[in-house]
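Here is a quick briefing to read alongside the model. Have the sequence and the 3D view open, and take the topics in turn.

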Amino acid sequence: MEKLLNDFSPGLFVVQTLLLLLLIFIMVKFAWKPILNSLNEREEGIQGALDAAEKAKREMENLQADNQKLLQEARLERETMLKEAREIKSQMIADAEEEAKNQANSIIEKAQLAIESEKKSAMAELKNHVAGLSIDIAEKVVRQELSNKDKQLELVESMLNEAKLN
């Protein structure tokens, strides 16, 4: 340290100081502003990128929320449609059963009416046949001798046996 103090030259010190100040002045005049401007631009670019990333993140969150909402709405709509379809199916089945039941009842009613009509027709035909047989028997009995009772009884029995066989 003593050697530094012994070799100290005030002129050299002043020149070096002036050169340092001149270098600082030239740096401030020509280099400092462009360096600061480039640093500021870089900082602004980084800040812009961070802001854009934050904005994109918010938009993604909004899109995800919207997607979740749309999915929920779609699920609810699907459930509603399925429920309506089930109700329509049940209603169609019930309507078809009711129509089938009505048709069956109508067919049964028509069949019963037809049976009743056939029954009445058969009864009328049977009555006509019995009446005809009775008239035939009566004619044959009258034709025979009315005095002969044995013959009359024999004739009636034979006619009855013929009527039963037919």
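A residue is called buried here at under 20% relative accessible area, exposed at over 50%, and partly exposed in between, using a 1.4 Å probe and protein chains only. Ala111 falls in the middle class, as its relative accessible area is 34%, so it counts as partly exposed. Keep in mind that this is a predicted model: local features need pLDDT of at least 70, side-chain atom pairs count only at pLDDT 80 or more, and totals for chains, interfaces and linings use all residues. Residues are numbered from 1 along each chain as its sequence is written, and side-chain values use heavy atoms, with hydrogens and water left out.

**Overall build**

- The chain contains three helices and zero strands, where helices (H or I, at least four residues) and strands (E, at least two) are DSSP runs numbered from the N terminus.
- Going along the sequence, you get the pattern α-α-α.
- The chain is more spread out than a compact globule, because its radius of gyration is 64 Å, well over the 15 Å that the globule rule gives for 166 residues. That radius is taken over C-alpha atoms, and the rule is 2.2 Å times the number of residues to the power 0.38.
- Along the principal axes, the C-alpha atoms fill a box of roughly 200 × 30 × 15 Å.

- Accessible areas come from the Shrake-Rupley method with a 1.4 Å probe; for residues, only the protein chains shown count as cover.

**Charges**

- The chain carries 23 positive and 30 negative side chains, with the centres of the two sets 1 Å apart.
- For that tally, Lys and Arg count as positive and Asp and Glu as negative, while His and the chain ends are not counted. The place of a charge is taken as NZ of Lys, CZ of Arg, CG of Asp or CD of Glu.
- Asp95, Glu97, Glu98 and Glu99 form a negative surface patch. Patches are made of residues with over 30% relative accessible area and no salt bridge, with like charges joined within 9 Å and nonpolar side chains (Val, Leu, Ile, Met, Phe, Trp, Tyr) within 5 Å.
- Glu98 sits in helix H2, which covers residues 10–143, and is partly exposed at a relative accessible area of 43%.

**Salt bridges**

- A salt bridge here is a side-chain nitrogen of Lys or Arg within 4 Å of a carboxyl oxygen of Asp or Glu, and that rule gives a count of two.
- One of them pairs Glu54 with Arg58, and their closest N and O atoms are 3.9 Å apart. Both residues belong to helix H2 and are four residues apart, about one turn of the helix.
- Glu54 is partly exposed at 39% relative accessible area, and Arg58 is partly exposed at 43%.
- Arg78 and Glu79 also meet through their side chains in a salt bridge, at 3.2 Å from N to O.
- Arg78 is another residue of helix H2; its relative accessibility is 47%, so it counts as partly exposed. Glu79 is partly exposed too, at 40%.

**Distances along helix H2**

- Arg78 and Glu54 are 24 residues apart along the chain, and their C-alpha atoms are separated by 35 Å.
- Ala111 lies in helix H2. From Ala111 to Glu61 the separation is 50 residues in sequence and 74 Å in space, C-alpha to C-alpha.
- Lys89 is also found in helix H2, and its relative accessibility is 51%, so it counts as exposed.
- Between Lys89 and Glu139 there are 50 residues of sequence separation and 73 Å in space, C-alpha to C-alpha.
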